[in-house]
Amino acid sequence: MSAIDLPDHRTRTVRFRWVSIIGSLLAAALFLGSAVLQLVASLQRWVVFRNSPEGANFAAEDHLYDYTFPWAPWEPIGTAAEFFGAGTLLMAAGVLVMPLGVSLIARATVGRGVAVLVIIVEIVLAILVAGSFAIHGAHALLSGLEGSPSALQGFGALGWVAVFGLVALAVLWFRKSRAAMLACGFLFGATGLGYLLATFVIAPMVAGYASHDTTPWSETVVAASTAAAGIAMIVVATATVLHRGPRAD
């Protein structure tokens with residue numbers, strides 16, 4: 001490499017590193033914002049509605065009031081579905097940004113090129129996962145606005161796209177960033193399988209019992225999982241700032 005090329009190489013490396021940092025922090029902000037909106041939605045159900053005359057005597061635990069994926073028969077609770085839907089759309093946007101922060105880590109931190117094909121695969125997977133979350137969020141948002149399950153309820157099976165896509169991204173990012181891999185794991189909590197895990201395993205430990213229907217704070221567990229994904233992306237950005245290698249975070 002000539003003397004003329006060296007400064008240009010350093011400039012590109014610095015540029016890649018800062019793009020990675022900004023991408024990671026943007027994804028983190030979107031995930032944390034999503035978690036806040038999801039938390040607001042869960043409080044409407046498990047604090048406001050549960051303590052009202054309509055929600056007393058375990059009525060709030062009825063699947064009739066599940067707002068994460070409205071399905072007839074369904075009764076809306078305040079604006080919980082709207083908040084959850086908006087939060088899930090933010091999460092979808094965060095997933096789209098993740099490759100910007102993760103795919104350039106190897107080049108940014110150790111000056112090593114990443115295969116173009118691998119980057120393309122990562123971007124395609126991120127688009128598929130984000131699309132799945134976007135449909136989920138749009139369904140909840142539209143259902144809340146309309147007061148009844150939207151026509152998007154027929155696309156519920158697309159939730160499996162997010163499941164397999166997140167697993168694939170976690171495998172691809174294992175060597176680049178352990179924190180990014182963990183972020184995928186935490187985002188898994190926002191999938192249909194993650195919600196079942198929250199309802200039947202984690203939420204019962206929080207509530208102290210397993211409900212006859214929907215265990216209290218199930219949606220709050222999902223919100224916490226989303227927040228954890230945001231924190232993991234902050235770790236990704238921090239590792240890049242500190243010039244650590246792809247396996248150091």
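Predicted model: local features only at pLDDT ≥ 70, side-chain atom pairs only at ≥ 80, totals over all residues.
**Stop 1: α4 and α5**

Start by selecting residues 116-146, which form helix α4, and residues 159-172, which form helix α5. How do these two helices lie relative to each other, parallel or antiparallel? Their axes come within 8 Å and cross at roughly 150 degrees. Angles over 145 degrees count as roughly antiparallel, and α4 and α5 are therefore roughly antiparallel to each other. Their crossing is left-handed.

Now show the side chains where the two helices meet. On the α4 side, pick out Val121, Glu122, Leu125, Ala126, Leu128, Val129, Ser132 and Phe133. Their partners in α5 are Gly159, Val161, Ala162, Gly165, Leu166, Ala168, Leu169 and Leu172. Colour this contact by residue type and you will find 12 nonpolar, 3 polar and 1 charged.

**Stop 2: α2 and α6**

Next, select α2 (80-102) and helix α6, residues 178-187. The axes of α2 and α6 come within 12 Å and cross at roughly 165 degrees, so these helices are roughly antiparallel to each other. Here too you can look for the handedness: the crossing of α2 and α6 is left-handed. Met91, Val95, Met98 and Val102 in α2 meet Ala180, Ala183, Cys184 and Leu187 in α6. The residues of this contact are 8 nonpolar, with no polar and no charged.

**Stop 3: the largest pocket**

Which helix gives the most to its lining? That is α7, with 6 residues. To see the helices around it, show α4, α5, α7 (192-207) and α8 (218-241), each of which supplies at least two lining residues. By type, the lining divides into 20 nonpolar, 9 polar and 2 charged.

**Stop 4: two loop details**

Most residues other than glycine have a negative phi, and most peptide bonds are trans. With that in mind, zoom in on Ala72 and Pro73, which are joined by a cis peptide bond with omega at about -5 degrees. Pro73 is found in the loop between α1 (5-49) and α2.

Finally, move to the loop between α7 and α8 and select Trp217. Trp217 is not a glycine, yet its phi is positive, near 75 degrees.

Conventions: Residues numbered from 1 in each chain as written. Heavy atoms only, no water. Axes fitted to C-alpha atoms, helices over the stretch in contact; angles between N-to-C directions. Helix = DSSP H or I, 4+ residues; strand = E, 2+ residues; numbered from the N terminus. Parallel < 35°, antiparallel > 145°, perpendicular 65-115°, else oblique. Left-handed = near helix turned anticlockwise from the far one by under 90°. Contact = heavy atoms within 4.5 Å. Nonpolar A, V, L, I, M, F, W, Y, C, P; charged D, E, K, R; others polar.
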